[in-house]
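Trainee: I've got a chain open and want to talk it through. Can we go residue by residue and then zoom out?

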Amino acid sequence: MDSRRPALDHLAVLPGLTEMFAAALAAADPDAVPVATGGWRVRDVGAHLLGVHRWAAEVVRRGTRPPRLERPDVVDDELVPAYRAAATELLAVLGEVDPERECWTLDRTDRRAGFWPRRQVHETAVHVWDVRSPVDPTPTALADLPAGLGADGVDELLQMMPSRLGRSRVPLPGPLALHATDVERRWLLGTDWLPASDVAPVASVTAPERDLLLHVWGRGRFAAVAGDAATLQAFDRAPCRG
């Protein structure tokens, strides 16, 4: 299967995820501090995702990279409706575009408009956890994610990593294996950060898919790690995982 066209229907999943985020945002204390977001408060995460959705919609409209929008300055009472409006706009734009149309993306190996539904699905899923994490800072806060979404998110990050690291791509000290135990998905990264198949890993990261998704996005150490410490630390410190 072409990894750029995974079985998960991202356009079908995204509306439920955006509503999940809106509901979590409405229920959360806007002053609460999520886990692992660098001191942002819940309101900051909401404004950030609102801005990301607006920006992604503009990318798809143009097909080229527009200036990155600043995080909107929205008062608390207006944040949830403003977020829902941005999500509605994004869904409309994504639903109208030919997924094969040429479009700027975050992945130099996939310059199609069809990149963006998947990217917005995983951006939203991780931020759902951020907003819920002040109350439940464990992977159970994502128990309502669709099956397979966690593994797909890991797959997406590993696919994008070489492009997102760019010139900062210092080689991994050794090959690294990741394993999503509940869906039996495995990945092997070579020292060049690219998929590998013929090398023996010196380190491993193992967890159920939702735990692994949070781990690889730097949201917490929810996976079992083993092997070479330098390789594990290099993966954890990769700047594209924030």
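Trainee: Is Asp144 buried, partly exposed or exposed?

Mentor: This is a predicted model, so local features need pLDDT of at least 70, side-chain atom pairs count only at pLDDT 80 or more, and totals for chains, interfaces and linings use all residues. Residues are numbered from 1 along each chain as its sequence is written, and side-chain values use heavy atoms, with hydrogens and water left out. Buried means under 20% relative accessible area, exposed means over 50%, and partly exposed is in between (1.4 Å probe, protein chains only). Asp144 has 40% relative accessibility, so the label is partly exposed.

Trainee: Which residues does Asp144 touch, not counting those up to four places away in sequence?

Mentor: Asp144 sits in the loop between helix 4 and helix 5 (149–165); helices here are DSSP runs of H or I with at least four residues, strands are E runs of at least two, and both are numbered from the N terminus. A contact means heavy atoms within 4.5 Å. The residues touched are Met20 and Arg132.

Trainee: What is the phi of Glu184, roughly?

Mentor: Glu184 lies in the loop between strand 1 (176–180) and strand 2. With a relative accessible area of 47%, Glu184 is partly exposed. Glu184 isn't a glycine, yet its phi is positive, at about 50°.

Trainee: And Trp193, what is its phi?

Mentor: Trp193 is in the loop between strand 2 and strand 3. Its relative accessible area is 3%, so Trp193 is buried. Again this isn't a glycine, and the phi is positive, at about 75°.

Trainee: How many aromatic pairs turn up in the whole structure?

Mentor: A pair of aromatic rings is described by the distance of the centres and the angle of the planes. Rings of Phe, Tyr and Trp (its six-membered ring) pair if their centres lie within 6.5 Å; planes under 30 degrees apart are stacked, over 60 edge-to-face, and the rest tilted. The search of the whole structure gives seven.

Trainee: How far apart in sequence are the parts tied together by Trp55 and Trp116?

Mentor: Those two rings pair edge-to-face, with 5.7 Å centre to centre and 85° between the planes. Trp55 belongs to helix 2 (residues 42–62) and Trp116 to helix 4 (residues 115–132), so the pair bridges parts that are 61 residues apart.

Trainee: Are the rings of Trp193 and Phe235 stacked or edge-to-face?

Mentor: Their centres are 6.3 Å apart and their planes at 25°, so call the pair stacked.

Trainee: Zooming out, what radius of gyration does the chain have?

Mentor: The chain has seven helices and four strands, running α-α-α-α-α-β-β-β-α-β-α from the N terminus. The radius is taken over C-alpha atoms, and the globule rule is 2.2 Å times the number of residues to the power 0.38. For 242 residues a compact globule would come out near 18 Å, which agrees with the chain's value of 18 Å.

Trainee: What percentage of the residues count as buried?

Mentor: The C-alpha atoms fill a box of roughly 50 × 40 × 30 Å along the principal axes. Of the 242 residues, the buried share is 51%.
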